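Dear colleague,

I am handing over a structure to you, and below it you will find some notes on what turned up in it. Please read them with the sequence and the model open beside you.

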Amino acid sequence: MALRHLRLIAVNIDGVLLNDTFSPVIHRMVVRNGGVYTAELERSVLSQPQLRAAAALGVPGTPEEVVAEYFRERAAYLEDDPVRVMEGAGALLERLRATGARMVCYGGLGRSHFDHHLGTYASYFDGPGYVCTDAFRPGVREIAEEVFGLRCDQALFIDDVARVAETARELGAAFLGHPTSYEHSFQRELMRRAGVRHLVGSLDDIDEPLVRALDAEAAEGRLWPGEAAVTGPAGRGAAAGA
């Protein structure tokens with residue numbers, strides 16, 4: 001399944017390869033402190049650096065105190081609903097590896113989170129294997145250009161957060177949405193609002209025809225609504241001077 005345009009597939013860790021253990025904790029903290037959990041609040045928190053997200057929560061305390069409270073709350077939550085590898089994750093990585101594109105995993109927590117939960121899958125990933133994006137979230141440009149030396153339009157990001165989609169659209173990167181099934185989440189709605197064309201409900205839905213469709217859209221410059229296709233065999237890459 002060799003791809004003709006995409007050279008990198010970046011896969012988010014929490015919410016894609018691992019279950020979503022962020023949304024339920026954030027919702028619990030907001031509601032417990034008398035706040036109203038809205039789409040705009042969720043958008044202002046997810047895929048943001050930790051201190052910025054904490055400031056946006058509307059929870060009493062300094063950003064540092066709110067971050068500490070969040071991790072205490074998350075530890076309690078994980079006692080009943082622990083971190084687990086999502087069903088179909090291994091098979092998905094096999095399919096993505098068969099494309100010949102380079103692969104990387106990324107997320108907002110440190111490297112130890114990846115090593116602990118996905119260490120057995122580390123051989124699927126290239127370069128650093130895992131990129132912690134807390135200092136520069138959502139990290140689309142940094143991962144594509146700075147870590148792998150590629151143009152953004154040569155990279156596909158698979159993520160559960162609409163803010164990543166918004167940034168991918170701004171930079172011309174490909175995006176595949178895997179929004180959480182958490183009942184209070186607004187991510188599916190926010191992805192549609194952002195113009196995401198491809199949304200999946202399970203990792204099994206990310207199959208060869210879908211990846212090929214994204215590759216063709218990237219090659220022809222029609223990843224996002226309103227983009228006109230670039231004609232010619234080189235597609236978007238030729239227009240970008242590749």
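This is a predicted model: local features need pLDDT of at least 70, side-chain atom pairs count only at pLDDT 80 or more; totals for chains, interfaces and linings use all residues.

The structure holds 2 cavities of 30 Å³ or more, and the largest cavity has a volume of about 380 Å³. This largest cavity is lined by 26 residues, of which Phe 22, Ile 26, Leu 46, Tyr 70 and Arg 137 are the closest to its centre. By the sorting above, the lining of the largest cavity divides into 14 nonpolar, 7 polar and 5 charged residues. At least two residues of this lining are supplied by each of the helices α1 (23–32), α3 (50–56) and α4 (63–80), and the largest share, 4 residues, comes from α4.

The second largest cavity has a volume of about 40 Å³, and its lining is made up of Phe 175, Val 196, Arg 197, His 198, Leu 214, Glu 217, Leu 223 and Trp 224. These residues divide into 5 nonpolar, 1 polar and 2 charged.

Finally, a word on one proline: Pro 209 lies in helix α10, which covers residues 208–219. Pro 209 counts as exposed because its relative accessibility is 56%, and exposed means over 50%. Although Pro 209 and Ala 2 are 207 residues apart in sequence, they are 12 Å apart in space, C-alpha to C-alpha.

With best wishes

Key. Residues are numbered from 1 along each chain as its sequence is written. Side-chain values use heavy atoms; hydrogens and water are left out. On a 1 Å grid over the protein atoms alone, a cavity is a set of points where a 1.4 Å probe fits but cannot get out, and a pocket is an open set with protein on both sides within 12 Å along at least five of seven lines; lining residues have an atom within 4 Å of a point. Grid points are joined across faces, edges and corners, and a volume is the space filled by probe spheres set on the points. Ala, Val, Leu, Ile, Met, Phe, Trp, Tyr, Cys and Pro count as nonpolar, Asp, Glu, Lys and Arg as charged, and the others, Gly among them, as polar. Buried means under 20% relative accessible area, exposed over 50%, partly exposed in between (1.4 Å probe, protein chains only).
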